Amino acid sequence: MKLGSHWRIRLLLASAAATALVAGDASAQQFACPKKGGEIVFAQEAKVNSLDQHTSSTISTRNVAMNMFESLMTRDENFNPMPELAASVEESKDGMTYVFKLRDGIKFHNGKPMTTADVVATFDRYKKVGIDRGILDVVESWEAKDASTFILHMKVAQPTFLENFSSFSIPIVIVPAENAKAEPMQLATVGTGPFQFVEFVADSHVKMKRYDGYNADTRYKEIDGFGGYKQACVDSVNFRIVTEPGARVAGLETGELHGAEDVPTKSQERLKQNKDIVLKPLKNFWIQIATPNVSIPPTDNLKFRQAVQAAMDMDEVMEAATDGAYQLNIGFQYPGQNFYTEAGKETYNQKNAAKAKTLLAESGYKGEEMILLTNRDYTNMYNAALVMSEQLKAVGINAKLLVIDWPASVQMQQNTNTGWNWFFTGYGTNTALGGVAALRFHAPPFNTYKPKTPEDADKEFIAAFRAIENGKTLDERKAAFAKAQARVLDQVLALPFGSLTKVQAVRANVQNFKPFRIPRMSNVYFSG
Amino acid sequence: MGRYILNRLIQAIPVIFLVSLISFCIMQLVPGDPAILIAGPSATPAELDNVRRNLGLDQPFYVQLTRYYTNLLQGDLGRSLFLGKPVLDATIERLPVSMSIALYSMVLTLLLGLLSGLVAAMRQNTWVDQAVMLFALLGVSMPNFWLGLMMIVLLGVHWGWLPTGGYIPYTTSFYGWLATTTMPAVSLAMLNTGLLARITRSTMLEVLRQDYIRTAKAKGLPGWMIIGKHALKNVMIPVMTVIGIIFSLLLSGSLVIESIFSVPGIGSLLGSAILRRDYPMIQGGLLFVATSLMLLNITVDILYAYFDPRVRYD
């Protein structure tokens, strides 16, 4: 087997860069907990359904479970792929084989050493029940060459395979072989992470404790994204489900909670005055967005969609949607991300009523009703729809809100022939995951894009999207992404409004807590 | 009396059957697909089909209905689509939480509502009566979620007397249980106390005007004996009905309160199930609640029959 080394080199570079980033200089020591002990009580807003990471797509599952489970590869602080349980990965020159070497000395929380037999069993399970198992469709087979060498054989070469493979959306976390036969949602919570499972009481809390057998990744100096040098400084962590924002704030103020996610904007000014609390804004948590139904009038008409786009004042929409916690953002990536581009920026935030009226006239619009499908479960989606409807009425569009609950709106959005024209949602994790993940919603067979038939799908966009997936170099893929984003915006296949900031907060004695897409509890300790 | 109880229990069976059927049918009609919520809105049609097949949601209505009743007759309420455990287990786990808060709230309601209603009636048109009625009006008018939030701000944050949320089982710590359930129980009790105080007062006033009370007074019986032995038993008849209604209000009102105070009870369980379209959980939960309310009603009827023997012969 002839193997290339560019991925290994990239991974080593990533490791080195990360190490330098967090350590500052080569002589820096690995992170050592200045103090050990205590229990962190962290409030999370969304209820946890299950801790089975293979079969749950919800953020709330990830929030908790990623402190206990680990994958062969994960994402670093900037969401680039990095090794976690893998010591190395080598891709063959033809891209048809990936060889993973496992790190030595990894043990599961049940004390059993992790071998490639566990990896094989995990992949078998993920292929059978994993929600995102489509990422393995390009894989022909996998095998354990020996106890520490795991090989993937591809059906077709896919340059972005490791990017997809390291996704933390529904990650392929490695579990003991004896647990891998579990039915969906039934997986025992036994992983290899710095924390191990103690107790899960649905709608109440999930408790985990330090795993003393954890083998930290010594290639790094500090935590890096979901990987890096991790260790549990506190004895235990209690993720408490606190759905009521006021109760989260109250808990923080009294000290019953040591941290909380999603602090409401209205409370932030007060909390800033409180020396016992530190706010930790997490910029670019998600993109607030609306997607059109291009199968039914009037949104099947490009001129009409462009009129809508021209009329939009994104500041007004985002201000209402987020109570001011936002940034304007063109497109589907954020500044600083590999794929960020301003392609299509001329279409964004035009606030041009005159142009909108001209385009409306050109489209032949006769005042037909246009339905904005939204929900009240997510206030920011509802508020965005409300403001958008008023802006569109101002240019002469007969906009009507259809407000139902989130599950019903999502189901309604699946149908192209039902009465909706714009669907309000948010792109979170997938935007963080990079180019392909950020735009895949607009490419068949995903459900967000609604051409009447697959044949009606926008061919120029599809071609650009495939080029993101298959571009041989990062530069090729970035160029394809820019083209695809420009096409989505030009054809108004989506209306990205801007990015939302989510504010996490901790008590002042909680040290080394860095805001991230999931609350990471490794390397966090109490001072004093 | 035994025959009366048996009759009431037999009458409950078709009602429970109807509740189960209606809840099943409603779930089929309500828009929202649990498969989309499990797989995520961006899932491909093929992924959604896989999830639906795994859950048996791709089966025709009659197949799902037959399977539901077959399981139900064997005492199996199904398995939650999201919690990964049997519906009955999930419900039973939450029962002590909800029941303990409901009972705590009920005790507060009975103590405050009955006593203040009786005192108001006996001190009719005095400042005591007016104060009690003002308190009752406040209780009836105040939304319990608002009261809950105010209590968190004052008792939890400002004075720091009670924890702002969470639940500690009484098996772990009685003091912890008392601390975590007091604010939810008081929030729930406030409305009901007002209701009960007003009903008790008006019923008591009506009873006090009856001939037999006048006779008792004429015989020279002491006031406590007139109230305790003659009046109270008759006051209890309409009050029992109100207590039944109050208990159902406790169950329905608990969804909001459990959410505000982060209490993992049945209200919270059902609320989540509805938002997730967890069909088995909703059907099982509704059936459980309906059966509980039915048994409660039967208990009230039995007590009614005890206090007023004429009821047994209706």
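Contact here means heavy atoms within 4.5 Å. The legends below describe close-up views of a predicted model.

Figure 1. When neighbours within four places in sequence are left aside, Gly285(B) is in contact with Val87(B) and Leu270(B). The relative accessible area of Gly285(B) is 4%, so the residue counts as buried. Gly285(B) and Ile5(B) lie 280 residues apart along the chain, and 25 Å separates their C-alpha atoms.

**Figure 2. Overall architecture of chain B, as context for the views of its helices.** Chain B contains twelve helices and zero strands, and its pattern along the sequence reads α-α-α-α-α-α-α-α-α-α-α-α. Taken along the principal axes, the C-alpha atoms of the chain fill a box of roughly 85 × 55 × 35 Å. Chain B has 314 residues, of which 49% count as buried. Considering contacts in chain B between residues at least 6 apart in sequence, 74% join residues at least 24 apart.

**Figure 3. Packing of helix 7 against helix 8 in chain B.** Two packed helices are described by the angle between their axes and the distance between the axes. For helix 7 (residues 144-158) and helix 8 (residues 174-208) of chain B, the angle is about 145° and the axes are 9 Å apart. The crossing of these two helices of chain B is right-handed. On the side of helix 7 of chain B, the contact is made by Asn144(B), Leu147(B), Gly148(B), Met151(B), Ile152(B) and Leu155(B). Their counterparts in helix 8 of chain B are Met183(B), Val186(B), Ser187(B), Leu188(B) and Met190(B). Sorted by class, this contact between helix 7 and helix 8 of chain B comprises eight nonpolar and three polar residues, with no charged residues.

**Figure 4. An aromatic cluster in chain A.** Over all chains, a search of the whole structure finds 31 aromatic pairs. Among them is the tilted pair of Phe100(A) and Phe150(A), at 6.2 Å centre to centre and with 45° between the planes. This pair links distant parts of the chain, with Phe100(A) in strand 5 (residues 97-102) and Phe150(A) in strand 7 (residues 149-154) of chain A, 50 residues apart. Phe100(A) has a relative accessible area of 0% and is therefore buried. Phe150(A) likewise counts as buried, at 0% relative accessibility. The ring of Phe150(A) also pairs with that of Phe123(A): the centres are 4.9 Å apart and the planes lie at 50°, so this pair is tilted. Here too distant parts of the chain are linked, since Phe123(A) lies in helix 3 (residues 116-129) and Phe150(A) in strand 7 of chain A, 27 residues apart. Both Phe123(A) and Phe150(A) are buried. Ring pairs join Tyr98(A), Phe100(A), Phe123(A), Trp142(A), Phe150(A), Phe161(A) and Phe165(A) into a cluster.

**Figure 5. Arginine side chains over aromatic rings in chain A.** The charged end of Arg376(A) is placed over the ring of Tyr382(A), at 4.1 Å from the ring centre. Arg517(A) lies over the face of Phe285(A), and here the distance to the ring centre is 4.4 Å.

**Figure 6. A cis peptide bond between Pro297(A) and Pro298(A).** Most residues other than glycine have a negative phi, and most peptide bonds are trans. The bond from Pro297(A) to Pro298(A) is cis, with omega near -5°. Pro298(A) is located in the loop between strand 14 (277-292) and helix 7 (302-311) of chain A.

**Figure 7. Positive phi values at Asp262(A) and Asn349(A).** Asp262(A), a residue other than glycine, has a positive phi near 55°. Asp262(A) occupies the loop between strand 13 (259-260) and helix 6 (265-272) of chain A. With a relative accessible area of 25%, Asp262(A) is partly exposed. Asn349(A) is not a glycine either, yet its phi is positive at about 55°. The loop that holds Asn349(A) runs between strand 15 (326-327) and helix 9 (353-363) of chain A. Buried means under 20% relative accessible area; Asn349(A), at 16% relative accessibility, therefore counts as buried.

Key: Residues are numbered from 1 along each chain as its sequence is written. Chains are lettered from A and ligands numbered from 1 in the order in which they are written. This is a predicted model: local features need pLDDT of at least 70, side-chain atom pairs count only at pLDDT 80 or more; totals for chains, interfaces and linings use all residues. Side-chain values use heavy atoms; hydrogens and water are left out. Axes are lines fitted to C-alpha atoms, for helices over the stretch in contact, and angles run from 0 to 180 degrees between N-to-C directions. Helices (H or I, at least four residues) and strands (E, at least two) are DSSP runs, numbered from the N terminus. A crossing is left-handed if the near helix is turned anticlockwise from the far one by less than a right angle, and right-handed if clockwise. Ala, Val, Leu, Ile, Met, Phe, Trp, Tyr, Cys and Pro count as nonpolar, Asp, Glu, Lys and Arg as charged, and the others, Gly among them, as polar. Rings of Phe, Tyr and Trp (its six-membered ring) pair if their centres lie within 6.5 Å; planes under 30 degrees apart count as stacked, over 60 as edge-to-face and the rest as tilted. Buried means under 20% relative accessible area, exposed over 50%, partly exposed in between (1.4 Å probe, protein chains only). A charge sits over a ring if NZ of Lys or CZ of Arg is within 6 Å of the ring centre and within 35 degrees of the ring normal.
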